[in-house]
Amino acid sequence: SVLMNKYENGQVISTTQNSQYDPNLHWLERQETINSDDSKEITTYTYLKDFSLPTASTDPKVQALKILSDQHILTYPIETKQEIQYGSQSPKVKGGTLLTFKEFSPNKVYPFEVYQLETDALLDKNLGNISGSTYTIDAQILNNNFVFDDTHFEKRVVSQKYDAYGRILELEKENGGSQALLWYGNKNKPM
């Protein structure tokens with residue numbers, strides 16, 4: 001735990017921050033900030049290990065995750081979600097990011113799309129049912145397909161090109177513009 005004090009409008013606001021790590025892999029799974037106003041901000045991280053991957057799927061996003069799993073590349077947080085809880089109320093989702101992957105060439109999988117949760121109001125975690133399964137704001141594999149709440153997530157960045165070493169060369173931004181990246185310094189620093 002980390003205790004912090006800050007001053008706003010002449011008042012002391014205390015916060016306590018707690019972090020929870022996977023006991024085996026030591027990856028950050030959950031971070032809580034408890035404020036003196038009895039509110040709690042919660043950030044959770046979802047990794048590839050948290051998904052039940054099917055042995056076969058026609059969904060390219062699931063296929064890319066399966067390749068990452070087979071290659072033991074597990075450390076990317078696929079989803080990050082921010083929630084806020086007031087007192088004993090249920091936590092409400094206030095923000096998040098989602099990262100999808102794509103196979104760019106045989107067995108070469110790289111980050112593909114970055115989505116940002118866009119909402120004007122706090123959301124309940126459970127959004128309804130799809131095919132008899134509870135559909136939540138959390139990304140999940142349902143009926144061998146990678147699904148997420150695409151009514152609230154907005155695509156921000158699409159990675160279009162990588163070089164042979166996995167360095168990104170071109171990004172397409174949400175506004176339709178694209179950005180090329182050049183590498184210098186023994187090709188390990190982007191310009």
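Let's start with a pair of charged side chains: Lys161 forms a salt bridge with Glu170, with the closest N and O atoms 3.8 Å apart (a salt bridge is a side-chain nitrogen of Lys or Arg within 4 Å of a carboxyl oxygen of Asp or Glu). This is a predicted model, so local features need pLDDT of at least 70 and side-chain atom pairs count only at pLDDT 80 or more, while totals for chains, interfaces and linings use all residues. Residues are numbered from 1 along each chain as its sequence is written, and side-chain values use heavy atoms, leaving out hydrogens and water.

**The overall picture**
- Of its 191 residues, 35% count as buried (under 20% relative accessible area, with exposed over 50% and partly exposed in between, using a 1.4 Å probe and protein chains only).

**Salt bridges**
- The whole structure holds ten salt bridges.
- Glu29 and Lys49 make one of them, at 3.1 Å from N to O. Glu29 sits in strand S3 (residues 28–35) and Lys49 in the loop between S4 and H1, so this pair ties together parts 20 residues apart in sequence.
- Glu29 is buried at 18% relative accessible area, whereas Lys49 is partly exposed at 32%.
- Asp22, Glu29, Lys49 and Asp50 are linked in a network of salt bridges.
- Glu113 and Lys155 also pair up, at 3.3 Å from N to O. Glu113 lies in strand S7 and Lys155 in strand S12 (residues 153–162), so the parts they tie together are 42 residues apart in sequence.
- Back at the opening pair, Lys161 is partly exposed at 46%, and so is Glu170 at 22%.

**Nonpolar cores**
- The largest nonpolar core has 20 residues, and those with the most contacts inside it include Leu65, Phe101 and Phe148 (a core is a set of buried Ala, Val, Leu, Ile, Met, Phe, Trp, Tyr and Cys residues joined through side-chain atoms within 4.5 Å).
- Helix H1 (60–70), strand S6 (92–105) and strand S7 (108–117) each give two or more residues to this core. H1 supplies the largest share, five residues.
- A second, separate core of five residues includes Tyr162 and Leu181.

**A look at Tyr47**
- Tyr47 lies in strand S4 (residues 39–47) and is buried at 5% relative accessibility.
- Its side chain reaches the backbone oxygen of Leu28 at 2.7 Å.

Methods: Helix = DSSP H or I, 4+ residues; strand = E, 2+ residues; numbered from the N terminus. Polar contact = N/O pair within 3.5 Å; in protein donor to acceptor, adjacent residues only side chain to side chain.
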